[in-house]
Amino acid sequence: MPKGYAGKILEIDLSSENIKEIKIDKDILRQYIGGRGLATKILWDRLGNRWEEIDPLGPENLLLMLTGPLTGFVPGGRICISGKSPQSNGIVGSTVGGEFPIDLKCAGYDGIIFTGTAEKPTYLFIKDSDVELKDASHVWGKGAKETLLTLVREARRELENRYRGRGIWREPSALYIGPAGENLCRTAAVVSKWVHAAGYGGYGAVMGSKNLKAVLVKGTGPLPEVHDMEETLKFINEIVEINLGKDMFRRWGTGSAGYTVGAELSSEPVMNWQEEWHNEESFGVDKFELFWIKRFWGDFGCPITCLKLSVINSGPFKGAITDNPDYENQAYLGTNLGVFNADANIYLTALADELGFCGIQVGNVLAFTAELYQRGILTKEDLGFELKWGDAKAFATLLRMIARREGIGDILAEGTYRAALKISEMKGVDVTKYAITVKGVAVGAHGIRSGKDYPHYASYPCSVQGGDHTSVAYVPIDHGNSELRAILYDSGVVCWFNFFDVKAQEALWNLLNAVTGWEITPEEWFSTISRRILNIQRTVLLLGGPDLKWNPKIHDDIPPRWYEPLTRGPYAGKIVEKAKIQESIKEYYKAIGWDENGIPLSEELKRLGLEDVDKKLEQIRQSTK
Amino acid sequence: MSSSGLIWIYRNYLNCSGCRRCEIVCSLSHEGKIWPEASRIRIFMLIPGIEIPHLCAQCHDYPCVSACPVEALSISKETGAVLVDKEKCTACGRCIEACPGNIPFIHPSDNYAVICDLCGGDPECVKACKEGGWNALQLVKRESDYNFKLYAKTPDRITKELAARIYGEEIAEAI
């Protein structure tokens with residue numbers, strides 16, 4: 001077993017309640033690392049043959065929670081949640097912060113694989129090697145706050161009874177879902193610490209489909225042994241030191257961007273991306289600071305603490321608790337809804353957290369719905385109330401309806417793209433042009449029209465995770481923003497925010513080898529390891545099914561809205577030309593080893609040792625000819 | 001016992017970011033490993049957003065030391081820290097009961113009570129906290145004072161008090 005790993009993975013069959021430990025071959029670990037990479041390998045091996053038939057919300061899907069060798073060593077705990085995505089029908093590696101992965105590795109496990117479906121609401125409780133499935137009926141239907149406090153309280157009592165006289169037990173770490181996940185909303189997240197979410201991918205719904213409300217873990221051992229402790233600490237400290245130097249990022253996190261991505265970059269969604277520029281000082285970081293001066297808030301080992309504890313203690317939004325919010329939630333539950341005041345944005349973000357939504361995915365649905373209301377396609381009769389831009393209370397009502405699948409909420413719970421297909425059919429007018437998604441995944445809050453933000457023309461169309469702004473395609477493929485780097489972070493599994501600095505990026509390679517004892521070079525990573533993972537992800541994304549399939553000729557594209565010019569701000573009138581997008585996409589295909597139709601080349605797959613993937617792709621190659 | 005040279009770790013709960021770098025450096029220094037549950041300082045998060053650094057408060061009357069039936073605990077003349085003799089300690093847990101904050105705990109893999117030893121006078125946790133700019137932990141000169149004992153409280157109690165202030169009574173009562 002290479003170093004840095006606990007060495008075992010828990011496999012829990014929820015249908016039979018069978019619990020076992022499995023080991024992953026060391027060569028597989030060297031090739032797929034952990035997290036997103038290992039999830040891709042496991043999913044391909046187990047489901048690849050019949051990928052198109054597997055219902056992401058059916059018992060055959062797997063739910064994976066995987067750490068990587070660097071988890072716990074790189075500052076800030078992160079774990080990767082994966083499975084067949086109910087958004088893209090491919091594989092999304094969706095990471096979430098918190099101490100859960102630290103506790104899991106300290107309990108002796110690198111990850112958990114869930115198969116099957118539990119008969120009744122269930123949660124898993126792990127205390128080192130004691131692993132138990134328990135009844136979760138009493139917290140089913142409950143929101144984040146009550147779910148977490150109840151389960152943690154019960155678990156601590158149980159530990160104190162089980163181990164009398166050993167002192168006070170710390171809380172176990174937890175991952176859980178809210179009502180959104182229980183009700184199979186495709187925009188549901190897997191959540192930790194009330195406010196952190198594995199949002200992209202929709203794995204809250206997968207967890208809900210398995211009747212799995214939560215996983216709690218307390219590990220009392222040390223983190224796994226490393227290959228070279230002295231070197232490991234040297235590179236950890238290097239990364240820490242670099243990030244401790246980032247004064248304003250530490251102070252503001254991404255929470256200053258709700259103002260500046262609009263005002264400075266013109267790439268922030270405003271009213272369902274009808275605009276990307278705003279200059280609303282009411283949405284400035286100074287206004288948010290009034291609420292989050294309570295506390296800075298970091299996960300395990302984090303030198304940055306980009307998140308802060310925001311609490312509203314008075315006024316109409318009293319009782320709202322969330323983190324910051326971070327930029328994505330500021331945009332998607334703020335500006336994109338025409339909400340330009342900090343307290344309303346905090347309120348909506350706190351509600352999304354409480355219900356167990358991904359703020360990006362569900363925020364995208366809310367804005368889509370509001371635009372249909374603006375255009376008179378959906379009316380007061382359809383919704384039951386008026387839905388005007390900026391009306392936080394109305395958006396809150398809609399959020400609750402989606403979480404419970406009430407009224408129009410039942411359609412909207414399917415996520416923007418699927419809801420757009422249904423509403424188009426219902427109303428007899430094409431509303432998919434108002435869906436700001438790529439391959440079923442709502443795009444992150446970084447537009448491309450001004451050309452000032454980091455995503456480029458091919459970034460979203462060619463991403464193997466659809467609209468995921470943390471995993472964008474890029475040429476050159478070893479660029480700082482490249483998807484191949486995202487695969488490293490998500491497979492490590494580490495927090496990307498440590499690595500904005502080039503020196504920190506360099507330290508990461510050294511740390512990877514100091515921890516594992518491997519000698520992985522950037523060259524090997526970019527030419528081989530990451531490409532294997534990327535190509536399997538691309539393959540299953542193209543296979544898709546059972547409800548939707550993506551044709552690269554149609555769906556390797558930006559959302560239709562982005563072909564419209566911006567009409568406000570310094571970039572008003574600027575047009576993104578279809579020909580330029582096509583050109584960028586072709587350039588990426590070539591750089592990454594895909595054919596002109598966007599399908600991984602046979603010789604490229606053979607070079608990577610992925611003959612079985614190549615064989616499976618043959619049917620798609622035939623159909624696109 | 002002279003009070004000159006004695007130290008204390010002042011704790012400001014509101015400043016704690018919950019980053020737990022104190023646990024990392026503490027366990028590295030005492031165990032040679034990153035081992036959160038063996039760290040002499042433990043950050044409790046019984047309610048999200050309410051992180052509580054929990055470590056020995058070196059009470060003026062050291063109830064843990066007098067409660068030990070096998071004289072495994074002693075007081076460092078240099079720092080005022082409680083020192084645990086691992087050989088003598090039987091992990092009976094009397095020190096935990098005697099502590100008003102139930103702060104000691106039994107080591108997760110060995111049979112002895114874990115209590116902060118102030119790193120012999122230069123605590124690693126304080127350095128990490130200071131480096132991070134949090135100053136939730138600060139090294140101060142210890143004076144002979146009953147006040148230090150007031151910090152020996154259970155994490156549950158501190159959490160309740162802090163959560164009531166930050167979130168309100170309802171959430172505070174839920175732990």
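This is a predicted model: local features need pLDDT of at least 70, side-chain atom pairs count only at pLDDT 80 or more; totals for chains, interfaces and linings use all residues.
Residues are numbered from 1 along each chain as its sequence is written, while chains are lettered from A and ligands numbered from 1 in the order in which they are written.

Helices (H or I, at least four residues) and strands (E, at least two) are DSSP runs numbered from the N terminus, and two strands are taken to pair if DSSP finds at least two bridges between them. On these terms, chain A contains an open sheet of 6 strands in the order β2-β1-β6-β3-β4-β5, with mixed pairing. Its edge strands, each pairing on one side only, are β2 and β5 (94–97) of chain A, and the twist averages 20° from one strand to the next; the axes behind such angles are lines fitted to C-alpha atoms, for helices over the stretch in contact, and the angles run from 0 to 180 degrees between N-to-C directions.

Within this sheet, strand β1 of chain A (residues 9–13) runs antiparallel to strand β2 of chain A (residues 18–22), to which 5 bridges join it. Ile12(A) has Ile19(A) in β2(A) as its bridge partner, and in the hairpin of these two strands, where 4 residues lie between them, Glu17(A) adopts a positive phi near 60°. Strand β1(A) is also joined by 5 bridges to strand β6 of chain A (residues 111–115), here in the parallel sense, with Leu10(A) opposite Ile112(A) of β6(A). Further along the order, strand β3 of chain A (residues 63–66) and strand β4 of chain A (residues 78–82) pair antiparallel over 3 bridges, and Leu64(A) faces Ser82(A) in β4(A).

Another open sheet of chain A has 3 strands in the order β13-β14-β15, with antiparallel pairing. The strands at its edges, β13 (295–297) and β15 (321–323) of chain A, each pair on one side only, and neighbouring strands are turned by 30° against each other on average, direction ignored. Between β13(A) and strand β14 of chain A (residues 307–311) there are 3 bridges in an antiparallel arrangement, and the bridge partner of Arg295(A) is Leu309(A) in β14(A).

Helix α20 of chain A (residues 522–543) packs with helix α24 of chain A (residues 611–624) at an angle of about 30°, their axes being 10 Å apart. Contact between residues is defined by C-beta atoms, placed from the backbone, that lie within 7 Å; by this criterion Asn535(A), Ile536(A), Thr539(A) and Leu542(A) in α20(A) meet Val613(A), Lys616(A), Leu617(A) and Ile620(A) in α24(A). The residues of this contact divide into 5 nonpolar, 2 polar and 1 charged, where Ala, Val, Leu, Ile, Met, Phe, Trp, Tyr, Cys and Pro count as nonpolar, Asp, Glu, Lys and Arg as charged, and the others, Gly among them, as polar.

A residue is called buried if 20 or more other C-beta atoms lie within 10 Å of its own, exposed if 12 or fewer, and partly exposed in between, with C-beta atoms placed from the backbone. A nonpolar core is a set of buried Ala, Val, Leu, Ile, Met, Phe, Trp, Tyr and Cys residues joined through C-beta atoms within 7 Å, and the largest such core has 274 residues, those with the most contacts inside it being Leu399(A) and Leu511(A). Apart from neighbours within four places in sequence, Leu511(A) is in contact with Leu70(A), Phe73(A), Val74(A), Thr232(A), Phe235(A) and Ile236(A).

In chain B, the buried residues of α1(B) include Arg21(B), Glu23(B) and Ile24(B), and the buried residues of this helix pack against β2, β3 (50–54), α4 (124–131) and β8 (137–141) of chain B. Gly32(B), which follows α1(B), has a positive phi near 75°. Asn15(B) lies in the loop between β1 (7–11) and α1 (21–31) of chain B and counts as partly exposed because it has 18 C-beta neighbours inside 10 Å. Asn15(B) and Trp134(B) are 119 residues apart in sequence, yet 5.8 Å apart in space, C-alpha to C-alpha.

Between the chains, 35 residues of chain B are in contact with 34 residues of chain A. On the side of chain B that touches chain A, the largest share, 5 residues, comes from β2(B), and the classes are 21 nonpolar, 7 polar and 7 charged residues.

Definitions and conventions
Two residues are in contact if their C-beta atoms, placed from the backbone, lie within 7 Å.
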